[in-house]
Every structure is written in structure tokens, then in C-alpha cells.
Amino acid sequence: MKTLSTAELPLFIPRSNTSTAVNKTGSWRFFRPKYDEKTAPCSAACPVGQDIPRIEMLASWGLLKSAWHKIVLENPFPSVCGRVCFHPCERKCNRANLDEPIAIHNLERFLGDTAISKRRKPDLSLKPTNGKKIAIAGSGPAGLAAAYFLRRLGYSCDVYESRSEPGGLLRWGIPIYRLPRQVLKNEIKRIEDLGVTIQCKTPVTKDVLEKIYSQYDALFIGCGYGRPISMQIDGGNLAHDGLKFLRNVQQDNTSTLTGTAAIVGGGNTAIDVARSLARLGATPLVVYRRRIQDMPAFTPEIEMAIKEGVTIKELVSPIRIQKNRTDDSDAPRYILTLQKMKVSKKEISGRARVIPDGEKTEVIHVRRIFSAIGAEAQAIWQMSTTKQRRSVVLSHCQIIDHKIPLLFGGDLTAPVKSVTDAIASGKQAAIALDTYFESSLDAVEERIAACQVGSGPALSMQTYLDNGHQIKNARVVTYDEINIDYFQTEPRVIPTLLDAKKRIRSFAEIETTLANNAAKQEARRCFNCGSCNACDYCRLYCPEMAVIVEKAERRINMDYCKGCGVCATECPRNAMAMEEEIK
Amino acid sequence: MKKVLEGSHAVSEAARLARVQVIAAYPITPQTHIVEALSEYCSNGSLNARFINVESEHSAMAAVIGASSGGVRAFTASSSHGLAYMHELLHWASGARLPVVMAEVNRALGPGWNIWMDQTDSLAQRDTGWIQLYCEDGQDVLDTTLLAFRLAEAVNLPVMVVLDAFYLSHTFEPVDVPDQEQVDRFLPPLSPRIRLNTDDPCAINQLVAPSAYMEMRFNIQVAMEEALQRFSQFESEFEATFGRNHGPVEAIQCEDADIILVTTGTVTSTCRQVIAELRSRGEKVGLLKIKMFRPFPTALIGRHLGHSQKVAVVDRNFSFGAGGIFAQEIRAALCNQMPHPLIYSYVVGLGGRDITPDTLKEIYDVTKSKTTPDQESTWIGLNPEIIETWFN
């Protein structure tokens, strides 16, 4: 054995200065990754198909204007919908499986209100005017949405409104403690700023209709259900119309009422009437023929009403209203006889059927009675739908070949009678009409299907403007597909609410808009299901450094991607996919 | 300056004085106090190092391998299952010739779940290419850790500083903590021979064909042999600076002894007393403490034990199906030396069972009474009530 020299022993280890670039590991690949943005369940559930994951992503980055702009591409009413939409999006939010759904409606309201306070104008790049004129009957959410989308598609639009101010149900039906008037005005103003004219105090009479037929290229009918259905019972004419009451309160909410006020019905109007009455000092009592859980009114509204002192009497149906003959001016004015009801074993389309419970009746004495059992379209609109003409019935609207194309939208045709479904019907009608003019009535259904968000029925105006090019896979991301290791539980933001005792003293808005930081924090909770938010985990984990980022765009260098799938597996939000390599 | 220090903190102090730059570790009893103190030093600024939290010992070793490949002084600590979990990467650290230093606190492996002293964990890593140094007391721990960095960086091999669970890791003793200035003189900043550099990119430790692999391994063996020489050289330098010297082995009254006990770790201190007592009774007994297990100081051991009649090896470890591990190594070291003493192997104190002066005296008495060892290893202190029922 040789003895060691005092000099350092040379290290004998493998080392190479040759680049490994020569080893094109891409040749090993059997599967290839791709960026594959998918539809988020919230977007698929949103009647107007807003790209919610992208909106929350932009909001989380503090790009509030871009986030807002993303909304107004699909919905002209963020501040309104952030307040009054019943947010079906949140019920589908994947985050609910981890902790609580994202407060999507609060964020929408925040973005809408921020845009209003900063007087933001959307950059909508209207299509050049095409010379066609569209008449729109009714300035409710359906009519205004139709005008908004048609205007963007190059049509000139005139809206006819019978009342003194535009907004329809938004202006005259929804109480201001839910939707302050200034918010509505601001959002309508933006639609007018696009060049849409709104002629108030101009009901569409037969004469006006004839004029429209001769001067316009199409008519959109979003007149809503303006005619109350009266109660067909003995003394039914003694009940006040609930919608009319709400309209009156919109004009003047300063009167003071006392005594019990009965409200007949179980829809949102009944609840709005009851809550308005509570604010005026009356003791509201909702009488409903089915059970509370069967009420068509949105559950949060019912819950708020109960907190505000509204009593709901279920399983009773009015059969008689009589005047109370008394000289005492403070005594109840009416005697309301109620038939007690019971649940039948038979169900009608999933809803419990109720039948009279024998001869059992109940008599109550009330100071006022309101009817809120529904409404229907004005008589003038009832003809066109019934006549046999060439027509296409879509999920939210109907297009009929008449003297000029007629489009029925809003409550007349929407499957759910909600503000957002009304807006959806306006959008659908705009796309349908544009397709009608560009090709034919027969092309409408296919074109509509091409613009669906997820599996529909919500439509994307952006997709329509991109000639049906879908930027996202229609597949809806499920919770199982979220890589939950990347998310920690965090509580949902809670907006400040006016205390129930305080809120029945005035018509002040109940809920506050989120503060900037709270909104950004809430937006950060969003999984951004199916949408790349540049988290970069695909690049960080790629063992071959094959994920290339150039100008904020990611692509995969297929020379070196060996198809291991680490990127797609790590992707926290399922914005990637693996597909078999066809060689 | 003398301080009363816990054994674990003697390691931490030494790592701080060595100005380690990267620490990556995962907690495990009885090692945790070592890295706990280091994480405090990092957070209070008394040590300018990056402390990397990891999810496992495998990752801890991977992280220090990465750091060391980047040319910085890296340290970790582990024990028992944690060390076992590092096994694959222990080979990597030595094969890649990285001067990593690790404190390893000897603890039994489960099952049965046991957190107490047992050397089988570190001895099971015998063939991973790590230098292994076994410590006797707190001062030994501090000094050996400092020396470990010097040695590792000189021969480009990783060093394991081994200390007994609880008997040493959790015992407070007066320890002379040297000045930073002195340590800086003894242990200059690392000038790495391996340093990955993005300005000069290269690949290291890739595929090696049969035509070169054996030479790579032989290179490590030569470095191990060099380590033995360098150890003595650095100990001399250490002594010149700090006035202390521990030696790769320490022979106590071996020159004229007929029977020599061989110990490692803290048992040595107990045995020092027993030897003194036996000597006072006229017994010709000696003690050889082995500190350096890898590289194994064969020649030194032969020199100290060769002339005696009998050698009794105290093993706090066991290789199933064979015997006490130190006994095997000593037997192998002496077998070609003629004549050589008889080797008596004793297995004691597994899983934290105490080794008392009486245990050691029993070992001495058995060794003295038997003319030849009657079995591969003799287990001392087994509870007869338990084991007698096994045999008819």
C-alpha cells in the first residue's frame, strides 16, 4: 500500500459540463399535459354565466376595474345583482366542501359599487351601427339587458316605459332597503350612455304597437307581470294589491300605520310587502296556503322577515273578507275567514299538494289586507304568444316571426322569475335576434347552444362575440378535482348588517358594501376552479423544467416534457389536463 | 468559559461556534433539543444560518446535501427511526463527497416503541461511508463536533457525531465553551472543493459505468484512510488551541493488563471507576475506549489489545443472528495478528437498560472465570423469569 502524500487526495466523482439539453426526454412521453381551463360550478349556475373564478382572481389581485369589467361583459347590473340576486352560484361553490362558499354576491356588489363611486365607464367596443332599430317594451331588467346587449351588437334601441321612471320591478317592486334607488339609477345611466333611449310615460298601446311594427325592425317584449291577479273569493276586492302598495311606498314611505296587516301569498312580493309594512309600523301577518318550506320567496328574505317581526301563518287559505261593522276607528276594519289546509299525500311536480282540512276554518280580525298572489301580463301581450306562428322557444325567451320579429323575455318566459333570469333573457334575446338577422330563425338554436357556459342554459356574450369560440372546456370542475393541499380553511367574510330592531325603524339599506381589504381577502379564498391564476406550481414542480413562461403565458416545451403528469396533478384548481399522446 | 450545559446543547453550541450556514432537521426524541437551540440561535441572530423546516428526515438530509453541494457548511441531527429514514441519502452524502456533519443521538428502534439508549441505529449505518465518532461526555461532544467539521472538510466525507440518548443528550455537565475567536482560528471558513455554481453549470453524480465505479469507491476508501491520519493531526492542532485531546481510542492501564474491557460512549465513564476499583484489588485489568468507529482504527486497536489474554467487549447493540457489533469488528481486527487475545462479547443495556458498575464487574468476572468464550455473544442481565419459560 502506498503511503499518502501530504497533498490533497484528488476527488474522484462524476461531473459533467455537457448540457443535458441533448437528452430530449420528450421522446419518452405517452401522455401530454395541456392547459385546459374548465368551467367553474358557480359560473355554470349563474343565470348570466359570469366568469366568476376570473372575476374573483382579478379582485384578489386588486385589479378591481378589470374584475368589474369582466362582470359587465356579461351583466350590465353588478351593483343591482350583488344586492338582489338570490345567488345560485354560492350554492354550487366547491369551497363549501372545505369551509364555506365564497361570498360571491358581496364581492359582486363591492365591485359594482366601487365602479360607481369611481365613475367607471366600461370599454365595450360597440359594433358599428348596423342601421337596424329595435323597440323594447318595458324598462325592467329584461328590457334594459336586451337594449344593452343589442346596442353592443350594433342595433339602435328605444325602450318604451309606461311609468315615470325606468327600472320596472327594480324601481317599483323591490323596496329600497334592499336596493337603494341611486344604485339603480347609476347602472341604468350607463346603459343610456351607450346610446339607448328610454321613453318614460309611454305605454305600448295598440297605436304605439302599430307604429312599432312600421318603424322598427324588431320588438322585444319585457313587460313583466304588471297586472295583479285578484283573489277570486267573497270580498276579494277589499284586499289591496301588494305590488301597488310597494309602488306607493317607493313614492312615499313616511306614513305611519298601526294594527295587524294580513298579506296573502308566499312569494317575494308578499315578503317585500310584509317587511315594508313592518317598517311603517304595522304588524304584518303573512297567510300562506302551503307550508313555509314551500314558499316561492327566497329563503334569506323569509329569514330576514321573521327577524324583523313578520309572522307567517302557514296552511291557511282565505275564503272570505268582510268589513267589520264598528264605530271604533281603531278597531280592525276587516274580518278574514281562513280555511285550514293540510298536506295531501299526493305531490304535484315535487311540491306538496295541499287540500282543505275538512270544514276547519279560522277567523281573524285585521286592519288591512294585501293580496300578493301573483300577476300576469297586460292583455295586449297575451295575443301574440297564442297564435300559431313560426317561432323558436329558448330557455329564457321566445322569438316569433310576425310582422317584425317579436321576442318575449323576462318574467313572461324565464323559467325562474328572478332579476338575473330576466337579464339572462335579455341577453339570450339579443343573441337570438342578431342570429336571426345575420342568418335565419333556423340558425338560432344552434348558435345559442354554441355560446353556452358549461352545459347551459346561461350564455356568454363574449363567446358570441368571439364567434362561438369557447375559452373554457364546458366540463364543470368538481370538488374532488381541487388539490385541497393548497388551501387552508378560512372563514367567509360577513358584511355588516343593520340590526333587526334598527332596520324596522327606517327604509335604510340593511347590508353594507364590503371594505376594500375584506373584499380582496374574500376573493383570495376563491379556488378559481378550472382557471389558471398563474400560481406557477406547474413550472415549479416540473422535473424537466419544461414549463416555459413567456409574457405571462405558460406553455410546455414538448421536446423535454416526458409526460409524467406532475404539473397536472399539482395544479391546485384543475386548469390542466393530461391526454394520451398520439404518435 | 465553563458553562453548565446539557449534552444536546453542547452540540448546538459547537455548531454555532462552527458558524454553520444551513441547518435542516426534523424533530425526534431525544435529538430535538439540539435543533431547537439552533433554531433559537437563528431567530435571535446569534447564528447567521438558514434553518430549513422539512417534513421528514429524508428531506432533512436531502436539504443539507443540496446546501453542501452548493458549497456551504451544513449541519443536521437525528436519531433512531429518523436516521433509518435517511439511510438512502446517507449513501448519497458520502458518495457525493460532501462534508456534512450530523449529530446522531443513539436511540433504540421500534417496535417495541422505545426512546432510550441503544447503539443499533448508528451501527446499522456502518456501511454508508460516514465517519463515525462516539462521545463519552459533554466536553467530548462539543470538541468532537468542532473537530468533525475540520475533518469532514479536509477529506470530503460526512461525519456523524454520536452521543448516548439521555445519559448524554439530556445530562447537564460543566463544559468548557471556547471563544469564537479561538474556534475561528481552528476552523476557518469552508473553502469548498465541490460547489454548484450557476455561472458555470455542470451536472454532478450522474450515471457511472462499471469501468469507473470501483475507482470511485476506492477513492472513498483512500479518503477514509486519510481521515485516520488527519484526525490525529487535527487533534494535535485542537490540543494546541484548546488544551484538550480525546484520541480516536483511549487506552487506560492496558499496558500490563491480562483482561481489557472495551467500551464506547458513556459506559466508558462508569468503567473508568470499575477499573480503578478492580485495580485496587490487584486485578490486572485495563480499559480501551473506542471513539472512532469509521474509519476503524485497526492498527491502534491491535497495538493496545494485542498483548492481553482476554478482551471483553461491552456492546450496547446487537446484530441479529450474529453478535455484538463492536466485538465482531475487534475480532476481525485482531484475527490476523498472532498471537491474539480471546474475544469475549457481551450484549448489555439495550433499549435504555442501565449498565451499572455491577454489570461491568459481572462481565469482568465471567471473562476471568471462563477459559474460552462459550458462545458468540453473552447477554448480561436478562430477566430469568421471562426467558426461562421459553425453554424446556
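Mentor: Let's start with a crossing: α9(B) and α12(B) cross in a right-handed way. This is a predicted model, in which local features need pLDDT of at least 70 and side-chain atom pairs count only at pLDDT 80 or more, while totals for chains, interfaces and linings use all residues. Residues are numbered from 1 along each chain as its sequence is written, with chains lettered from A and ligands numbered from 1 in the order in which they are written.

Trainee: Which residues of α9(B) and α12(B) meet?

Mentor: From α9(B), B:T270, B:C271, B:Q273, B:V274 and B:L278 meet B:P357, B:L360, B:K361 and B:Y364 of α12(B). By class, that contact has 6 nonpolar, 2 polar and 1 charged residues. Contact means C-beta atoms, placed from the backbone, within 7 Å. Ala, Val, Leu, Ile, Met, Phe, Trp, Tyr, Cys and Pro count as nonpolar, Asp, Glu, Lys and Arg as charged, and the others, Gly among them, as polar.

Trainee: What makes α11(A) oblique to α12(A)?

Mentor: Here the axes of helix α11 (residues 242-251) and helix α12 (residues 268-280) of chain A come within 9 Å and cross at roughly 45°. That makes α11(A) oblique to α12(A). Their crossing is left-handed.

Trainee: Which strands of the open sheet in chain B stand at the edges, and why?

Mentor: This sheet has 6 strands in the order β10-β12-β11-β14-β15-β16, with mixed pairing. β10 (249-252) and β16 (378-379) are at the edges, because each has a single partner strand and one side of each is left without a neighbour in the sheet.

Trainee: How do you know that β15 and β16 of chain B pair?

Mentor: Pairing needs at least two bridges found by DSSP. Strand β15 (residues 342-347) and β16(B) are joined by 2 bridges and run parallel, so they qualify. Strands (E, at least two residues) and helices (H or I, at least four) are DSSP runs, numbered from the N terminus.

Trainee: How many bridges join β1 of chain A to β9 of chain B?

Mentor: There are 2 bridges between strand β1 (residues 15-16) of chain A and strand β9 (residues 203-204) of chain B, and the strands run antiparallel. A:R15 stands opposite B:I204.

Trainee: What are the domains of chain B, and how far apart are their centres?

Mentor: An automatic or database assignment gives the bounds: domain 1 is 2-242 and domain 2 is 249-386. Their centres, taken over C-alpha atoms, are 28 Å apart. Contact involves 25 residues of domain 1 and 21 residues of domain 2.

Notes. Two residues are in contact if their C-beta atoms, placed from the backbone, lie within 7 Å. A crossing is left-handed if the near helix is turned anticlockwise from the far one by less than a right angle, and right-handed if clockwise. Axes are lines fitted to C-alpha atoms, for helices over the stretch in contact, and angles run from 0 to 180 degrees between N-to-C directions. Angles under 35 degrees count as roughly parallel, over 145 as roughly antiparallel, 65 to 115 as roughly perpendicular and the rest as oblique.
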